[in-house]
Amino acid sequence: MEVTWIVLVLTVFQSEAASLQGRKAGHLTGEVVAIYECPDFEGNSFRFGRNLTRLKGPNGEFGASTSFDVLRGTKSITKGNIRFEFCSQGVTKICENYSNWRIGKDGCALWTNKFTMWNKFVDTIHPRFECPFREGHYVVTNATLDVRKLELIAVEDREWIATVQAYGDKEEPWVCAVFHVKLYRTGRRRAPL
């Protein structure tokens with residue numbers, strides 16, 4: 001529980017500090033490139049649709065739409081981990097570990113908390129996807145990330161990979177999913193070649 005609150009407080013302070021220090025040139029935007037199940041996670045209860053539709057909105061933000069099936073529900077998230085990696089976007093893709101967040105017994109509260117960078121994503125899932133998580137078919141429509149909460153991290157011009165593992169009731173494996181996101185600034189001027 002303490003780790004969750006520390007992460008949330010840091011996220012809020014980062015957003016405030018970014019607004020006080022002045023904005024960087026251009027609008028930070030995120031593009032969800034892929035979402036899929038972890039290949040080697042036994043007991044995975046999620047199956048993502050193979051179609052991911054990406055659309056660019058009028059404000060420069062990208063939205064992603066897909067669907068997923070939950071094969072086995074759970075009343076709670078008892079533990080888990082979110083691993084963040086970033087990759088360079090050059091000729092050869094080199095990825096580095098950025099951070100690992102441990103999820104405690106308060107995983108349900110963390111998932112739906114409005115102060116997280118994924119809150120805008122969660123809000124686009126229908127039917128509502130919150131504890132207790134039920135079996136069924138879910139649709140994600142025009143999902144985005146809250147990029148304002150990422151302003152202080154050197155995120156642009158990189159591909160980010162977030163791997164989410166969560167354990168349900170009785171600490172049984174419940175879900176492992178991988179999210180690929182590209183973050184960059186739109187509308188900034190580049191030096192002439």
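Select phenylalanine 46 and tryptophan 174: both residues are buried. Keep in mind as you look around that this is a predicted model.

**Stop 1**

Phenylalanine 46 has a relative accessibility of 6%, so it counts as buried, the limit being under 20%. Turn the view until you see both rings: their centres are 5.1 Å apart and their planes stand at 85°, so this is an edge-to-face pair. Now colour the chain by position. Phenylalanine 46 belongs to strand 2 and tryptophan 174 to strand 10, so the pair ties together parts that are 128 residues apart in sequence.

**Stop 2: a stacked partner**

How do the rings of phenylalanine 46 and phenylalanine 68 lie, stacked or edge-to-face? Their planes are at 5° and their centres 5.3 Å apart, so these two rings are stacked. Again, distant parts of the chain are linked, with phenylalanine 46 in strand 2 and phenylalanine 68 in strand 4, 22 residues apart. Phenylalanine 68 counts as buried because its relative accessibility is 3%.

In the whole structure, a search finds 19 aromatic pairs.

**Stop 3: the nonpolar cores**

Some of these residues turn up again here. The largest nonpolar core contains 34 residues, and Phe46, Phe68, Phe129 and Trp174 have the most contacts inside it. Select strand 10, residues 173-186, to see the element that gives the most to this core: six residues. There is also a second, separate core of seven residues, with Cys38, Cys87, Tyr167 and Val178 among them. In soluble globular proteins, nonpolar side chains tend to be buried together.

**Stop 4: a serine on the inside**

Go to serine 45, in the loop between strand 1 (27-37) and strand 2 (46-48). Is serine 45 buried or exposed? Its relative accessibility is 1%, so serine 45 counts as buried. Show what surrounds serine 45: setting aside neighbours within four places in sequence, its contacts are Asp69, Val70, Leu71, Arg72 and Trp174.

**Stop 5: the disulfides**

Now select the cysteines and show their sulfur atoms. How many disulfides does a search of the whole structure find? There are three.

- Begin with cysteine 38 and cysteine 176, whose sulfur atoms are 1.9 Å apart. Their link is left-handed, with -65° about the S-S bond. Cysteine 38 sits in the loop between strand 1 and strand 2, while cysteine 176 is in strand 10, 138 residues apart. Both cysteine 38 and cysteine 176 are buried.
- Move on to cysteine 87 and cysteine 95, with 2.0 Å between their sulfur atoms. The torsion about this S-S bond is about 100°, so the disulfide is right-handed. Compare the two ends: cysteine 87 counts as buried at 0% relative accessibility, whereas cysteine 95 counts as partly exposed at 36%.
- Finish with cysteine 108 and cysteine 131, joined with an S to S distance of 1.6 Å. A torsion of about -70° makes this disulfide left-handed. Cysteine 108 lies in helix 2 (residues 107-112) and cysteine 131 in the loop between strand 7 and strand 8, so the link ties together parts that are 23 residues apart in sequence. Cysteine 131 counts as partly exposed, at 26% relative accessibility.

Number the bonded cysteines along the chain and you can read off their pattern: 1-6, 2-3, 4-5.

**Stop 6: strands side by side**

Switch to a cartoon view and select strand 4 (residues 62-70) with strand 8 (residues 136-143). These two pair in the antiparallel sense over six bridges.

**Last stop: the whole chain**

You will pass three helices and 10 strands, in the order α-β-β-β-β-β-β-α-α-β-β-β-β. Of the 193 residues, 45% count as buried. Finally, show the surface: the chain exposes about 11000 Å², with carbon and sulfur atoms supplying 56% of it.

Key:
Residues are numbered from 1 along each chain as its sequence is written. This is a predicted model: local features need pLDDT of at least 70, side-chain atom pairs count only at pLDDT 80 or more; totals for chains, interfaces and linings use all residues. Side-chain values use heavy atoms; hydrogens and water are left out. Helices (H or I, at least four residues) and strands (E, at least two) are DSSP runs, numbered from the N terminus. Buried means under 20% relative accessible area, exposed over 50%, partly exposed in between (1.4 Å probe, protein chains only). Accessible areas come from the Shrake-Rupley method with a 1.4 Å probe; for residues, only the protein chains shown count as cover. Two strands pair if DSSP finds at least two bridges between them. A nonpolar core is a set of buried Ala, Val, Leu, Ile, Met, Phe, Trp, Tyr and Cys residues joined through side-chain atoms within 4.5 Å. Contact means heavy atoms within 4.5 Å. A disulfide is a pair of cysteine sulfur atoms within 2.5 Å. Rings of Phe, Tyr and Trp (its six-membered ring) pair if their centres lie within 6.5 Å; planes under 30 degrees apart count as stacked, over 60 as edge-to-face and the rest as tilted.
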